Every structure is written in structure tokens, then in C-alpha cells.
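Here is a short tour of a protein and its ligand, written to be read with the structure open beside you.

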Amino acid sequence: MSDPISQASALDFADAGFRADPYPVYRHLRDAAPVTYHEPSDAWLVARHEDVHRTLRDERRFSNGSGSRADPVVAVVGAGDLLNLDPPRHDVLRRIVRAPFAPPAVAELERALRAQVERLVAPLADAGAGDLAADVAWPLPVWTMLRLLGAPEADVPRVTALVRALDQPGGVALDELRRLRRYVEETMETTDEGLVADVVAASAAGELTREEGAGLVMGLLLAGTATVACLIANGALVLLRHPRQRQRLRDGSVTPAMTVEELLRFESPVQVLPRRTTVPVTLGGSTIPADATVLLLLGSANRDERRFVHADALDLGRRARGAVALGGGIHFCLGAALARLEGRVAFERIFRDLGPLELAGEPERLPSADVRGLLRLPVRKARS
Ligand code: HEM
């Protein structure tokens with residue numbers, strides 16, 4: 001057997017087999033090379049929960065901003081994306097958009113979300129078959145984000161198509177990303193509602209530039225759509241494959257909220273988060289030089305048996321705390337309450353109330369190692 005470091009370097013994030021099931025590789029890294037240099041991506045991989053957790057809370061030594069401007073994706077998204085900012089600018093911009101994501105504000109959306117899930121699920125309920133990913137999981141968060149942003153509902157199909165096409169085998173589709181960015185700019189010109197209007201007003205008041213405003217809105221739209229789509233689609237597939245766990249949800253012995261927490265841990269939509277070291281850092285026994293890229297493997301941290309008992313088993317009743325699926329520290333997911341609500345409402349309707357479902361074809365995976373999810377998930381009502 002070759003040494004752990006060369007095995008780590010053999011890891012190919014683009015490999016379809018790895019994307020289908022990255023967990024054995026993650027396990028190997030946690031055991032043999034918990035913090036290791038990965039030559040193909042010129043980055044340091046961090047695989048254990050303890051190290052990922054600590055790094056997320058160390059924004060001084062692990063920057064979200066420095067060094068990323070040369071990245072073409074960052075260049076298109078724009079300067080105001082919270083994910084690519086460090087304090088103090090990060091904190092100023094986050095304050096401008098945080099109010100509608102506070103749990104009480106999010107709770108007010110519940111009724112409208114339920115009605116929307118109902119509309120999306122209705123064709124499947126009537127026909128007895130459909131695609132849970134394409135027809136429910138993707139349009140739902142796009143509808144939700146456009147509503148929050150103050151964009152017209154009529155835009156949902158167009159924006160859903162763009163968002164679904166962003167991840168391509170070779171990386172992010174820059175044409176689609178540019179189209180989405182133009183869409184954001186147009187919306188800033190035309191709407192006087194929602195978060196977009198708040199951002200335009202803040203830029204008129206001199207709190208941020210218009211360019212930052214467009215990046216900020218773009219960042220929200222990106223962060224709040226594919227992630228939730230993947231939570232719902234991954235969760236649906238996992239529940240279809242674990243009938244006994246699904247039964248616990250149906251008979252009420254676990255709640256939809258517990259289901260969401262365990263699914264976030266078990267199949268984390270965001271698998272990898274990048275950071276950049278500002279100084280040399282010793283982590284997990286390795287010394288990472290300054291100005292190096294660090295990839296935090298959230299999907300691995302959430303399966304770390306040092307942190308979670310029987311980490312590779314799905315247990316909807318586990319009530320484990322500490323999963324890092326939504327990040328941690330100053331960049332902790334701004335949309336956490338919204339993501340949880342969307343997941344809860346979707347799983348309740350699909351798995352508790354809709355009756356037994358079964359797979360009706362091969363699911364199609366999103367071609368990305370950073371975001372774990374599905375583009376297609378054909379299902380039909382089970383005969384039993
Ligand atoms: C940040 C995951 C849903 C908005 C993050 C981070 C993670 C994450 C891991 C941390 C990024 C970092 O530390 O670099 C998820 C998952 C979701 C989800 C798994 C769904 C299941 C949402 C939703 C929104 C949203 C619905 C709504 C807009 C954001 C924003 C940030 C963020 C704006 C950046 C916050 C900052 O940098 O201060 N999310 N997210 N997310 N999320 Fe989410």
C-alpha cells in the first residue's frame with residue numbers, strides 16, 4: 001500500500017466514482033492523513049470534525065477573502081458576496097441583509113411555503129409519478145429566494161434553469177453565471193420590493209457601492225438555491241433507500257425537524273469550503289504555510305466517528321449536535337432557519353403525507369464535488 005500522502009494526492013475530485021460515494025475516501029483521509037497537501041488542487045485538505053470546526057471559527061488565520069480575486073467565478077459574482085469577504089467589510093454587508101433571515105421573520109413564510117410545496121407536488125400526486133428533484137427540490141428554493149428578494153414569481157422557471165445549469169463536469173458554467181448576474185442587475189433596476197430594494201436603498205445611502213450590492217444579492221441567490229435543492233433531493237433519495245427510517249417519520253416517532261438535521265449531517269449539500277491562510281498554521285499535526293488554499297471537507301467532518309456515534313449510519317432520531325453542514329463562526333449560514341423550514345415543509349409533505357413512493361429510474365447526480373446533490377430523481381407511488 002502506498003503512503004497516505006500519495007494516496008491523498010491520487011484523490012480526484014472530478015472522478016464520477018468519488019462523486020457517487022466520497023465517504024470511503026474521506027474515512028481514509030481522517031484516519032491516515034487528516035490534514036494533508038493535495039497536489040492536483042494545490043490545496044490542503046482538512047478531513048476531521050475537530051479541525052474543521054476549529055478552522056471555521058478562526059477567521060483571522062483562515063480568510064474567506066484574500067487571494068480569491070483572480071478566481072473567474074468570484075470575478076463574475078462580484079465584490080459584495082459575503083462568502084468572499086473578511087471583516088470589517090463582511091460584517092457591514094451582512095448587517096444590511098440579515099433581518100429577513102432571522103427566525104421570527106422566516107417563520108412568517110411557513111404558510112406560503114406550504115402552499116407552494118402543495119402546488120409543486122400536485123402534478124406528482126395526481127399522475128402518481130414525477131421527478132422530485134427537477135419538479136420540486138429545485139423550483140422550491142428559487143421561488144422562495146425570488147420572493148424574498150422582491151423579484152417576480154414569473155421569473156422562477158428561467159432562474160431555476162440557470163441555477164440548475166451552473167455546475168458542469170468541468171467546473172462552474174461561466175455563461176450561465178454571467179446571465180444570472182445580469183438578471184440580478186436588471187432586478188435591481190426594476191423592483192422596489194424585498195431585499196433587492198433594501199440593498200438598492202443602502203447603496204443610495206452610501207453604505208455600499210452598487211457593484212457590491214449586485215455581488216451581495218448574487219451571493220444570496222447562489223447560496224440559497226442549489227443548497228436547499230440538494231438538501232431536499234438528497235434527503236428524498238436517502239429516505240427512499242431507508243424504508244425503516246422513513247417509517248419513523250411517517251408514524252411520527254421522529255419529527256420533520258429532526259429528519260432535516262440528520263439529513264444535513266448524513267448527506268451534506270455543501271461538501272467542501274475553501275479558505276486561505278493568512279499566516280503559517282499548525283493544524284492536525286501538519287504545518288500549512290501562509291497564503292495557501294485550505295479545503296474544509298464538511299462532508300467528511302459530518303461522518304467523523306470521533307464526533308458522531310456510528311457516523312456512517314442514518315439515524316433520524318439521533319439528536320446529535322455539532323454537524324458543520326451549515327458552517328460555523330462569522331460566516332455561519334445566514335439562511336439556516338430558512339433552509340431548515342424549506343426542508344421541513346418539503347419532507348413533511350412528500351414523505352409523511354403523500355403515501356409510499358419508490359424510485360422509478362436512475363437518479364442523476366449534480367456534476368460537482370463541492371455541492372452534493374441531484375438533478376433528477378424519478379419516483380412513482382408504490383403499489384403497496
Ligand atoms: C453560508 C450551507 C441554505 C445563505 C453558508 C455556509 C455553509 C452553508 C456551509 C458557510 C460558508 C463559509 O463558511 O464559507 C448551506 C446549506 C443550505 C444553505 C447546506 C441548505 C440546506 C441557505 C439559504 C440561504 C443561504 C436558504 C439564503 C439566502 C447563505 C449566505 C452565506 C451562507 C448568505 C454566507 C454568510 C457569510 O459569509 O456571512 N451556507 N446554506 N444559505 N449561506 Fe447557506
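## Strands side by side

In this predicted model, strand E7 (residues 272-277) and strand E10 (residues 293-297) run antiparallel to one another, joined over 5 bridges. To find this pairing on your screen, look for Arg276, which stands opposite Thr293 in E10.

E7 has another antiparallel partner: strand E3 (residues 62-63) pairs with E7 over 2 bridges. Here the residue to look for is Phe62, which sits opposite Thr277 in E7.

## The chain as a whole

Stepping back, the protein chain holds 19 helices and 14 strands. Its C-alpha atoms occupy a box of roughly 60 × 60 × 35 Å along the principal axes. The radius of gyration is 20 Å, and this agrees with a compact globule because 384 residues packed that way would give a value near 21 Å.

Of the 384 residues, 47% are buried. Contacts also reach across the sequence: among those between residues at least 6 apart, 73% join residues at least 24 apart.

## Around the ligand

Which residues are closest to the ligand? They are Gly224, Gly327, His331, Cys333 and Gly335, out of 23 residues that surround the ligand.

How values were computed. Residues are numbered from 1 along each chain as its sequence is written. This is a predicted model: local features need pLDDT of at least 70, side-chain atom pairs count only at pLDDT 80 or more; totals for chains, interfaces and linings use all residues. A residue is near a molecule or strand if its C-beta atom, placed from the backbone, lies within 6 Å of it. Two strands pair if DSSP finds at least two bridges between them. Helices (H or I, at least four residues) and strands (E, at least two) are DSSP runs, numbered from the N terminus. The radius of gyration is taken over C-alpha atoms; the globule rule is 2.2 Å times the number of residues to the power 0.38. A residue is buried if 20 or more other C-beta atoms lie within 10 Å of its own, exposed if 12 or fewer, and partly exposed in between; C-beta atoms are placed from the backbone. Two residues are in contact if their C-beta atoms, placed from the backbone, lie within 7 Å.
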